[in-house]
Amino acid sequence: MRDEQNNWDNIIEDTEEYRDQIATVDHEGKRIWIYPKKPQGRYYNARTWVSLVFMAIFLIMPFIKENGEQFLLLNILERKFVLFGLLFTPQDFHLFVLATLTFIVFIILFTVVYGRLFCGWVCPQTVFLEMYFRKIEYWIEGDANAQRRLDNGPWTAEKIRKKALKHIIFFAIAVVVANYFLAYIIGMDSVLQIIREPMSEHFGGFVAMLVFSGVFYLVFSRLREQVCTTICPYGRLQDVLLVKESIVVAYDYVRGEPRGKLRKQNTGTKDPVTEIQSAVGQAPASTTGTTGETPLGDCIDCKLCIAVCPTGIDIRNGTQLECVNCTACMDACDAVMDKVGRPRDLIRYDSMTGIKSGRRKIFTPRVLAYTGVLIALVVVDAILIANRGIVETIILRSPGQTYQQKDETHLTNLYTYTIINKSTEEIPVQLHLVSPEGKIQMVGQEPGMLEKGTKKQGAFFVELEKDELAGRKTPVVIEVLSDGKKIDEVETNFLGPGKRQHQH
Ligand code: SF4
Ligand code: SF4
């Protein structure tokens, strides 16, 4: 009977650990607002530096220009893309498909190897929320407990002042972010034009700015971690991407369990356990409920790792969908371990396999192999993009036409051409017949100067001697020259009368 009771207790305990809803939603489906305690520690400091670099790049990039083009522009409205100074037009669609495929493979491999490293360190959502908006909130409203008190308290003048100040600053930052966001789409010049000129002349642009500002404000002031846990497709994919060898923020259950509160020591000095527990607003630890029969692990169950988590989870329950690998729990637990005199890294970057086997090996052969594949893919893409021609040439034989007899010995074919200048500067272009021997006779003008990002269309005859023909269809190679230098080459066919007619 006693055994049955114990089993039942275990079942209840297990069930309590199991969640069938995200940590920020209660059983009634209502949002649980998270008040994460301000993180402190080496990872948080490192992330602060990374966020400063990120912010500098984000703010400076739209002002960098090469040959008059913004260094990075993703103008989906006009289907014009400039990536690191290289202009891509709709004609480069194949490169985009390839780049997209590489990107997808890259994401899969990167996640399989490094887990959600991207989310924690460079995702704009995490960087803006944790490193800027949240820091402003700590500065104005204080740490987690003070924020909780303020929210639960009555609307005093102090509360109104703090809330108003916070939301004004939040909205101002949202406006700046929205303007920059637009600058990456329509270009900084256009954004500045919208700002400088009367609103009536750019009503559409002004509305877009307002909508983007409103969206960013809502995301960072209200939606927050919900973006990562319920909206972001990358976050939702973690379930299928992570494997046991993926490097994630992980709790070392082998070392930490069975967890248990530390026994208070009567040394007369300041007690670290009480200090930690008062930091998270817990009742002091029991002086007895510690070891029992089983020796305890290193986790003192102070719950500081939960208190700092911006998604409200307990990482000791294992890898969870909500974990954005922000490292706050790693810093928090390191501080606790320092205080109680135990080694750091009870929560650390590691794989499930690494934790189970007790061997912390991040760069396993598999990781190295995947990293190699990643590098190879990126290099192939870079080579393809670097060797991309500066013009795109389309030469087609005029539809519905065969060959024309010019004289006794010569035949001609009529062709149409389209040359697109994909470079970021104006270039002269000229067509030249390479093989077989013959000549090109332009209909009207030569293509001449071609402005950046524009195309020229026209027609020309290719004139060949009958003796040069290889049959009904003779391969023809035409070069596109710029200042005498070959910049493109096109192969097409020259239509002739065919061998028998020719001989006749
Ligand atoms: S912070 Fe560390 S010691 Fe405290 S509960 Fe979390 S894992 Fe255990
Ligand atoms: S579990 Fe740790 S790493 Fe994951 S979101 Fe929470 S604090 Fe960040």
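Trainee: Why does arginine 255 count as partly exposed?

Mentor: Buried means under 20% relative accessible area, exposed means over 50%, and partly exposed is in between (1.4 Å probe, protein chains only). Arginine 255 has 21% relative accessibility, so it counts as partly exposed. Before we go on: this is a predicted model, where local features need pLDDT of at least 70, side-chain atom pairs count only at pLDDT 80 or more, and totals for chains, interfaces and linings use all residues. Residues are numbered from 1 along each chain as its sequence is written, chains are lettered from A and ligands numbered from 1 in the order in which they are written, and side-chain values use heavy atoms, with hydrogens and water left out.

Trainee: What makes aspartate 298 and arginine 255 a salt bridge?

Mentor: The term asks for a side-chain nitrogen of Lys or Arg within 4 Å of a carboxyl oxygen of Asp or Glu. Here the closest N and O atoms are 2.7 Å apart. Aspartate 298 sits in the loop between helix 13 (272-279) and helix 14 (304-307) and arginine 255 in helix 12 (residues 253-256), so the pair ties together parts 43 residues apart in sequence. Helices, by the way, are DSSP runs (H or I, at least four residues), numbered from the N terminus.

Trainee: Is aspartate 334 buried or exposed, and how do you know?

Mentor: Aspartate 334 has 3% relative accessibility, so it counts as buried. Aspartate 334 forms a salt bridge with arginine 42, with the closest N and O atoms 2.9 Å apart. That pair links helix 15 (residues 328-340) to helix 2 (residues 42-60), across 292 residues. Arginine 42 has a relative accessible area of 39%, so it is partly exposed. The structure holds 26 salt bridges.

Trainee: How are helix 8 and helix 9 oriented to each other, and why is it called that?

Mentor: Angles of 65 to 115 degrees count as roughly perpendicular, under 35 as roughly parallel, over 145 as roughly antiparallel and the rest as oblique. The axes of helix 8 (residues 188-196) and helix 9 (residues 203-223) come within 10 Å and cross at roughly 100 degrees. Helix 8 and helix 9 are therefore roughly perpendicular. Val191, Ile194 and Ile195 of helix 8 make the contact with Gly205, Phe206 and Met209 of helix 9, contact meaning heavy atoms within 4.5 Å.

Trainee: What makes phenylalanine 216 count as buried?

Mentor: Phenylalanine 216 has 16% relative accessibility, so it counts as buried. Phenylalanine 216 is in helix 9. Leaving aside neighbours within four places in sequence, phenylalanine 216 is in contact with Ala174, Val177, Ala178 and Phe181.

Notes. Axes fitted to C-alpha atoms, helices over the stretch in contact; angles between N-to-C directions. Helix = DSSP H or I, 4+ residues; strand = E, 2+ residues; numbered from the N terminus.
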